Structure formats: structure tokens, C-alpha cells
Amino acid sequence: MTRMTREISYILLILPMLLTACTQTPDFEPYDGRALRIAVVGEPPEANEEQVKFHEISFDELTNEELSSYDAVIMTEENLPKAAEAKYADTYSDSSIPFFFISASSHIPFTVKDSEYNDSWKWEAGKSYAVGVLKSKENDSFHSWGYGLYNDEMTDESIHDVYSRIFKTIDELNH
């Protein structure tokens, strides 16, 4: 074997290992905190965490009295247009628990009454996949969170990771 042939063989042997190492999905950390009760407007997500319980609710149940027994509310993608109607903005602003909007890149169409929800607010690569909002009791400002997908790829693993990070945020708010 010539020197050049050996070098090419060596490169061809090492290259697949390097490419495989670079494309592995990271080990996502599941939520391992306290038990959570989360209201969901829409179909509850599939989560890996057994201590998180979802309860499907309707828009009619979005009152402070109805929500007082939950740790947070999740709005699913198919309900975002209705969730952005101006009549619900005060619900999010006056709530003592956070709201999370799945497949929305910003909380603005939900918290600003004169903004309209359209395709420009939907998730796309490079933007947040989910956003959360909670009005501060101290200074009347909004706390907001954005959760992106790993490598901007919509896979089951990266979506589960977003939910795990949402659960961690909820848990941190209650400590």
C-alpha cells in the first residue's frame, strides 16, 4: 500500500466516527421536581414526567377562580388564534399563574389587545417554539420566557425537552 492510499484509508475510517459524534442528540434532562397540575386548553401533550398531571379545560374555564388549583396553563397550537382574541388579554395579565403558548414565537399577540395573531407569530426555525408569560405582582411588568427547539428541529425528543424546561420554570416560580 502506498502512503497516499494508507492516508485515504485512515481518513475514511475516522471520518464516519467524527460525523456520528457530531450529530448525536444530547441527553435531555427530564423534569424531576415536585408534582405539578397543569391546565391545558386543547389536547394535553405527551410528557415523560409522571409527576406532571394535565387537565383539559375550555376557554370558558379561564377565570381566576377556575385556575386557582393549577400551577400553570398551556395553550396548544390549534387554539392560538382564539387565545389571541382581545377579550382574553386581561385573563393572562391578571393571572397569578403563568400561561405558556405552544408553537408561538412571542407573547405579544396574547397580551397586547390591539395586536392580531397571524402566521408571523407562529414558530419557525430560529424563533422560540414556546413562550410563557406571567405578570409580576411587584412592578406590574411581564416576565416572559422563550423555549427553542434543539437545533431548531421539531423532533419528539426536542419537543419533550421544551416541556421539561417549561415544567422546571413552573417549579422555580413556586419556590
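Tyr88 touches Phe59, Leu62, Lys82 and Ala83, when residues up to four places away in sequence are not counted. The model examined here is a predicted one, and Tyr88 lies in the loop between H3 and helix H4 (89–94). With a relative accessible area of 9%, Tyr88 counts as buried because this value falls under 20%. The C-alpha atom of Tyr88 is separated by 8.5 Å from that of Lys113, although the two residues are 25 residues apart along the chain.

Lys113 also takes part in a second pair. Asp90 and Lys113 are 23 residues apart in sequence, and their C-alpha atoms are 8.6 Å apart in space. Asp90 is placed in helix H4. Its relative accessible area is 39%, so Asp90 is partly exposed.

A further pair is formed by Ser115 and Ala86, which are 29 residues apart along the chain and have C-alpha atoms separated by 8.2 Å. Ser115 is in the loop between helix H5 (108–111) and S5. Leaving out residues up to four places away in sequence, Ser115 touches Ile108 and Pro109. The relative accessible area of Ser115 is 16%, and the residue is therefore buried.

In the protein as a whole, there are six helices and six strands. Read from the N terminus on, these elements follow the order α-β-β-α-β-α-α-β-α-β-β-α. The protein has 175 residues, of which 40% count as buried. Among the contacts with a separation of 6 or more, 56% are accounted for by residues 24 or more positions apart.

In soluble globular proteins, nonpolar side chains tend to be buried together. In this model, the largest nonpolar core has 21 residues, and the members that touch the most others are Leu62, Met75, Phe99 and Phe101. Two or more residues of this core come from each of strand S1 (36–41), strand S3 (72–75), helix H3 (80–83), strand S4 (99–102) and strand S5 (130–135). Apart from this core lies another, of 20 residues, including Phe54, Ala72, Ile74 and Ile159.

The surroundings of Phe101 can be given in detail. With its neighbours within four places in sequence left aside, Phe101 is in contact with Met75, Leu80, Ala83, Tyr92, Phe110, Tyr129, Ala130, Val131 and Val133. Of these partners, Met75 is also named among the residues of the largest nonpolar core that touch the most other members, and Ala83 is also touched by Tyr88.

Helix H6 was examined next. H6 has 18 residues and spans 26 Å from its first C-alpha to its last, close to the 26 Å expected at 1.5 Å a residue. The buried residues of H6 are Ser158, Ile159, Asp161, Val162, Tyr163, Ser164, Ile166, Phe167, Thr169, Ile170 and Asp171. The elements that cover these buried residues include S1, strand S2 (52–57), S3, S4, S5 and strand S6 (142–147).

Most residues other than glycine have a negative phi. Asn151, however, has a phi near 55°, which is a positive value, and the phi of Asp152 is likewise near 55° and positive. The relative accessible area of Asn151 is 52%, so this residue is exposed, the cut-off being over 50%. Asp152 has a relative accessible area of 30% and is therefore partly exposed.

Notes. Residues are numbered from 1 along each chain as its sequence is written. This is a predicted model: local features need pLDDT of at least 70, side-chain atom pairs count only at pLDDT 80 or more; totals for chains, interfaces and linings use all residues. Side-chain values use heavy atoms; hydrogens and water are left out. A nonpolar core is a set of buried Ala, Val, Leu, Ile, Met, Phe, Trp, Tyr and Cys residues joined through side-chain atoms within 4.5 Å. Buried means under 20% relative accessible area, exposed over 50%, partly exposed in between (1.4 Å probe, protein chains only). Helices (H or I, at least four residues) and strands (E, at least two) are DSSP runs, numbered from the N terminus. Contact means heavy atoms within 4.5 Å. The expected span of a helix is 1.5 Å times one less than its number of residues.
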